[in-house]
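The structure comes next, and the text after it is meant to be read alongside.

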Amino acid sequence: MKFAVTITLKKDVLDPQGKVVGQTLKNIGIENLNSIRQGKFFEIDLDESDTASGEAKVRKMCEKLLANQIIEDFQIKKI
Amino acid sequence: MMKSSVIVFPGSNCDRDVAVALKKLQFKNSMIWHKETELPKSDLIVLPGGFSYGDYLRSGAIAAKSNILSEVISAGKKGSLILGICNGFQILIECGLLKGALLRNSGLKFISKDIQVKILSNKSKFFNKYKLDEILKLNIAHNEGNYFTSKEHLDELEDNELIPIKYCDENGNINLKSNPNGSINNIAGIFNNKKNILGMMPHPERMSDKILSNESGLGLFLSLMN
């Protein structure tokens, strides 16, 4: 069973990398760009058949290691 | 005689520099590999600078889960003195002994240079040998030193003298211009509430011998012996 985890900086945390990426995209002519926030993506393969218990495990991974919840939010999706 | 332990991770690179500074002041120092599960009785525990685990995931995140850290955490909670320098500060944050976060430098560049910090509080085990408002020239070398925390925690830090040092210029001005990395309120180092745990981005161990630089950082180690 596979899960996708997306980690993003919380809304009020400054994201200098995202800002520079956004500015660069504008510089190369991309129009109508409001903002860009940079994050991280994890693809997790679990030896698990029950979705609920799989998701609980991934949630634990996020809380214990993958995300720093002071500055980051995470989203879990089954894929 | 003061006993100290310097914790060594794969990727630590300031561990021996701290050891040299400690030995110069006659500390009885042990180097402790991160896989150890027991910590020798220590008056001071140092988490040194470097790039533990190549800064994978987030700086300090993997080191914060290593065997020895559970010993360091319980020692810290019992009141042992812990000093985290640079990557050591990042590890203290990741393991929860200090609050807040260290983000990428606002200028997006790795900064390695001498800077000035001002002593804003000398009422602690770490800074009692310095004068209030004294300006120290120290070295910084980091990519993630941009301290950030919640408004509530920032107020708590400011109101309780938990920010011993802030970045300033040669004349002691603490402002945007003298802020090298975007750190909130020019914070260069913070304490936990009990002031037994200090995390700081500048490297006092690099300023502990005149042959190398100056002796601005030596006062910190002398304070600990006081």
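A residue is called buried here if 20 or more other C-beta atoms lie within 10 Å of its own, exposed if 12 or fewer do, and partly exposed in between, with the C-beta atoms placed from the backbone. The model is a predicted one, in which local features need pLDDT of at least 70 and side-chain atom pairs count only at pLDDT 80 or more, while totals for chains, interfaces and linings use all residues. Residues are numbered from 1 along each chain as its sequence is written, and chains are lettered from A and ligands numbered from 1 in the order in which they are written.

**The two chains**

Helices (H or I, at least four residues) and strands (E, at least two) are DSSP runs, numbered from the N terminus. On that basis chain A has 2 helices and 3 strands, and its elements follow one another as β-α-β-α-β from the N terminus on. The radius of gyration of chain A (taken over C-alpha atoms) is 16 Å, well over the 12 Å that the globule rule gives for 79 residues, so chain A is more spread out than a compact globule; the rule itself is 2.2 Å times the number of residues to the power 0.38. Chain B, in turn, has 5 helices and 11 strands. Its radius of gyration is 16 Å, close to the 17 Å given by the globule rule for 226 residues, so chain B is as compact as a globular protein of that length.

| Chain | C-alpha extent | Buried residues |
|---|---|---|
| Chain A | roughly 45 × 25 × 15 Å | 13% of 79 residues |
| Chain B | about 45 × 35 × 30 Å | 53% of 226 residues |

Two residues are in contact if their C-beta atoms, placed from the backbone, lie within 7 Å. Among contacts with a separation of 6 or more, residues 24 or more positions apart account for 65% in chain A and for 74% in chain B.

**Where the chains touch**

Between the chains, 9 residues of chain A are in contact with 10 residues of chain B. Helix H1 (residues 16-27) of chain A supplies the largest share of chain A's side, 3 residues. By class, this side has 7 nonpolar, 2 polar and no charged residues, where Ala, Val, Leu, Ile, Met, Phe, Trp, Tyr, Cys and Pro count as nonpolar, Asp, Glu, Lys and Arg as charged, and the others, Gly among them, as polar.

**The sheet of chain A**

Two strands pair if DSSP finds at least two bridges between them. In chain A, 3 strands form an open antiparallel sheet in the order E2-E1-E3, with strand E2 (39-45) and strand E3 (72-78) at the edges, each pairing on one side only. The twist averages 20 degrees from one strand to the next. Strand E1 (residues 2-9) of chain A is joined to E2(A) by 7 bridges, and Ala4(A) has Glu43(A) as its bridge partner in E2(A). Helix H2 (residues 51-66) of chain A packs on this sheet, touching E1, E2 and E3 of chain A, and its direction makes about 160 degrees with that of E3(A); axes are lines fitted to C-alpha atoms, for helices over the stretch in contact, and angles run from 0 to 180 degrees between N-to-C directions.

In chain B, 9 strands form an open sheet of mixed pairing in the order E2-E1-E3-E4-E11-E10-E9-E6-E7. Strand E2 (28-33) and strand E7 (135-142) of chain B each have a single partner strand, so one side of each is left without a neighbour in the sheet.

Both faces of E11(B) are covered, with Ile197(B) and Gly199(B) buried on one side and Leu198(B) and Met200(B) on the other. E11(B) pairs with E4(B) in the parallel sense over 4 bridges, Gly84(B) standing opposite Gly199(B). With strand E10 (residues 187-191) of chain B, the pairing is antiparallel over 3 bridges, and Phe191(B) stands opposite Leu198(B). The hairpin of E10(B) and E11(B) has 5 residues between the strands, and there Lys195(B) takes a positive phi near 60 degrees.

Helix H3 (residues 87-94) of chain B is mostly covered, 8 of its 8 residues being buried; among them are Phe89(B), Ile91(B), Leu92(B) and Ile93(B). The buried residues of H3(B) pack against E3, strand E4 (81-85), strand E5 (101-103) and strand E11 (197-200) of chain B. Just after H3(B), Gly96(B) takes a positive phi of about 90 degrees.
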